[in-house]
Amino acid sequence: PLRDLTNGFTDKTTALGMGTIDVQLNIPLTGKSIKVSGDYHFADNEINLAESIPLAKNVTGDLKFTESELQAKAITAQIYGGPATLSVQTAAGGAIKAKIQGKVNADAWHKIEPSSWLQSLNGTAEWNAELNVSNKQFDVLISSNMLGMAANLPQPLFKRANEAIPLKFEFKSVSPSQDVMNTQYGDIVNVRLVRADDSLGVRSIKRGYMDFGPARRMAERDGVWITGTLPVLSLEGWSGLIPTGNGAEV
């Protein structure tokens, strides 16, 4: 019944490591519903939940479950190269809500994700995330003030470690074949990208925009559009920093 509870959301989840499980089953012979009570203890596990949800390493803690709910408090992990604490709770209708509090360590993150743009980040910064799962669709919202993190990127994205610039990233699955990514970085840039599967099931960017300056809602048109007004823009240093629709960098 747990798979029905999550509508199969965890079907593609992968996990590595050891753990201990304690399960109690009550199976009536009269046709009534099965009752489940269990506890799984993560012992330094690695969990890859889904695309655009950060890889969790060194996961330690307890996940309690019944036939109708999941619950976890203060599970610890390493996410984005730094320590994080995770809590999980089911809500009405079988929806799952999770909250994460963590601290990015850019130097350690470089070793996990060797992307070109990540090499331009240094330092640490606190972040928070909320994850909502319902009917096999999910919505992830990650936010940080980036204080303590330096970004050696071309203008206007250059940032000193002692500057606080609010960053918000949202990933929402609209349907099994389409998702939307929204990123807002202070009053500097606002990005919205819509991805969809083609006839072969390959997901790529179909439309979106990158709007420089204070956030505003832009009309959606096919293709990716760059608009806005900036006091300064460097045309050098962007090579290898811009991802393509298939995740590669150009």
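Which residue of E14 does Gly208 stand opposite? Gly208 faces Val224 in that strand.

## Basis of the model

This is a predicted model, in which local features need pLDDT of at least 70, side-chain atom pairs count only at pLDDT 80 or more, and totals for chains, interfaces and linings use all residues. Residues are numbered from 1 along each chain as its sequence is written, and side-chain values use heavy atoms, with hydrogens and water left out.

## Strand pairing

Strands (E, at least two residues) are DSSP runs numbered from the N terminus, and two of them pair if DSSP finds at least two bridges between them. E13 (residues 203-212) runs antiparallel to E12 (residues 189-197), joined by nine bridges. Within this pairing, Ile205 in E13 is the bridge partner of Arg195. Five residues lie between the strands of the hairpin, where Gly201 has a positive phi near 85°.

E13 also pairs with E14 (residues 223-228), in the parallel sense and over six bridges.

## Salt bridges

A salt bridge is a side-chain nitrogen of Lys or Arg within 4 Å of a carboxyl oxygen of Asp or Glu. The count by this rule is seven.

Lys64 and Asp39 form one of them, at 2.7 Å from N to O. This pair links Lys64 in strand E3 (residues 56-66) with Asp39 in strand E2 (residues 35-48), 25 residues apart. Buried means under 20% relative accessible area, exposed over 50%, and partly exposed in between (1.4 Å probe, protein chains only). Lys64 is partly exposed at 46%, whereas Asp39 is buried at 18%.

Arg203 and Asp197 also meet in a salt bridge, at 2.7 Å from N to O. Salt bridges with shared partners join Asp179, Arg195, Asp197 and Arg203 into one network.

Technical notes: Helices (H or I, at least four residues) and strands (E, at least two) are DSSP runs, numbered from the N terminus.
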